[in-house]
Amino acid sequence: CISWKLQARTILRKRMISRQKMADYKPAFLADMLKESIRQGTTPSLTVTSNSMSPMLRAGDQVGLQELVPALAQPGQIITFSDSSNLDNLITHRMAGTSLVNGEVQFITYGDRTLLFDTPVALDNVVGFVVWRRRNSHILDLSSGQGAWLNAKLAKQSQIGLKRTTGIRPGIQDFDHTTAIRCNEQCQRFRKRASVRLLSRVNYLWASMLVLYTENFPKSGGGK
């Protein structure tokens, strides 16, 4: 999830609004401000407040957003959107695929750590997609080089986890809320098995090592 009280410095500077007043704004209004800033060609930033996308994104990380073009959207991209069931939340999760509901394209998303599907996301609720991540003083570009390599690796790992626990492949079609609930229930049942819990821990450790490797050896050959 994304804190709607913090960061969006670009927008605040353009509108001459002090950072102290940010807490007075509703998340839905912040989402509109972010979209407007993106349309003007800037890259606003937000602060991550949960570990649902760990280890790729952790609480305290900052992410930069750009406009998501539906025709160019790909499974594995990380997007920020308003939670349709609770507009007080902005969420940043990975895209698994798309669904066509009543002629409208919706995005299917999940958290790398949770491996649970969200309610399908309408295009109007999408704020943008993540193009960089800042952790401490290190900025990782997710659109090219080592950052793109890392994001693709972690996306593939999470997609394998989804297939193992739900039977759903990335890039799925005709995925509705009922299907999401059924898959989430199945995933919860699988997690009760000791073997599945152990495998999940091993996979998380491997993913964490990849992240550490990327952060400590940013110019290594693995990112080429």
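This is a short tour of a predicted protein model, stop by stop.

**Before you start**

Residues are numbered from 1 along each chain as its sequence is written. Because the model is predicted, local features need pLDDT of at least 70 and side-chain atom pairs count only at pLDDT 80 or more, while totals for chains, interfaces and linings use all residues, and side-chain values use heavy atoms, with hydrogens and water left out.

**Stop 1: the whole chain**

Show everything as a cartoon. You will find five helices and nine strands; helices (H or I, at least four residues) and strands (E, at least two) are DSSP runs, numbered from the N terminus. Followed from the N terminus, the elements go β-α-α-β-β-β-β-β-β-β-β-α-α-α. Of the 224 residues, 48% count as buried (buried means under 20% relative accessible area, exposed over 50%, partly exposed in between, with a 1.4 Å probe and protein chains only).

**Stop 2: colour by confidence**

Now colour by pLDDT, the predictor's confidence in each residue, from 0 to 100. The average for the protein is 79, and 77% of the residues score at least 70. Select residues 2-24: here the pLDDT is below 50, and the stretch has 53 contacts in the model beyond near neighbours in sequence (contact means heavy atoms within 4.5 Å). Residues 220-224 also have pLDDT below 50, with nine such contacts. Where pLDDT is low, the predicted coordinates should not be read in detail.

**Stop 3: the largest pocket**

Select D112, R113, L115, S200 and N203. Among the 22 lining residues of the largest pocket, these lie nearest its centre. A pocket here is an open set of points on a 1 Å grid over the protein atoms alone, where a 1.4 Å probe fits, with protein on both sides within 12 Å along at least five of seven lines; lining residues have an atom within 4 Å of a point. The space in this pocket is about 480 Å³, a volume being the space filled by probe spheres set on the points, which are joined across faces, edges and corners.

Next, highlight α3 (145-166) and α5 (194-216), each of which supplies at least two lining residues. The largest share, eight residues, comes from α5.

**Stop 4: L115**

Stay with L115, in the loop between β6 (104-110) and β7 (121-122). Its phi is near 55°, a positive value in a residue other than glycine. Is L115 buried or exposed? L115 counts as buried because its relative accessibility is 14%.

**Stop 5: N136**

Move to the loop between β8 (126-135) and β9 (138-141), where N136 lies. N136 has a positive phi of about 60° although it is not a glycine. With a relative accessible area of 73%, N136 is exposed.

**Stop 6: P55**

Select S54 and P55: the peptide bond from S54 to P55 is cis, with omega near 10°. P55 sits in the loop between β2 (45-48) and β3 (62-66). Most residues other than glycine have a negative phi, and most peptide bonds are trans.

**Stop 7**

Start with K156 in helix α3, which is exposed at 55% relative accessible area. K156 and G76 are 80 residues apart in sequence, yet their C-alpha atoms are 7.6 Å apart in space.

Then pick S82 in strand β4 (residues 78-82). S82 is buried, with a relative accessible area of 8%. Its C-alpha atom is separated by 7.3 Å from that of A31, 51 residues away along the chain.
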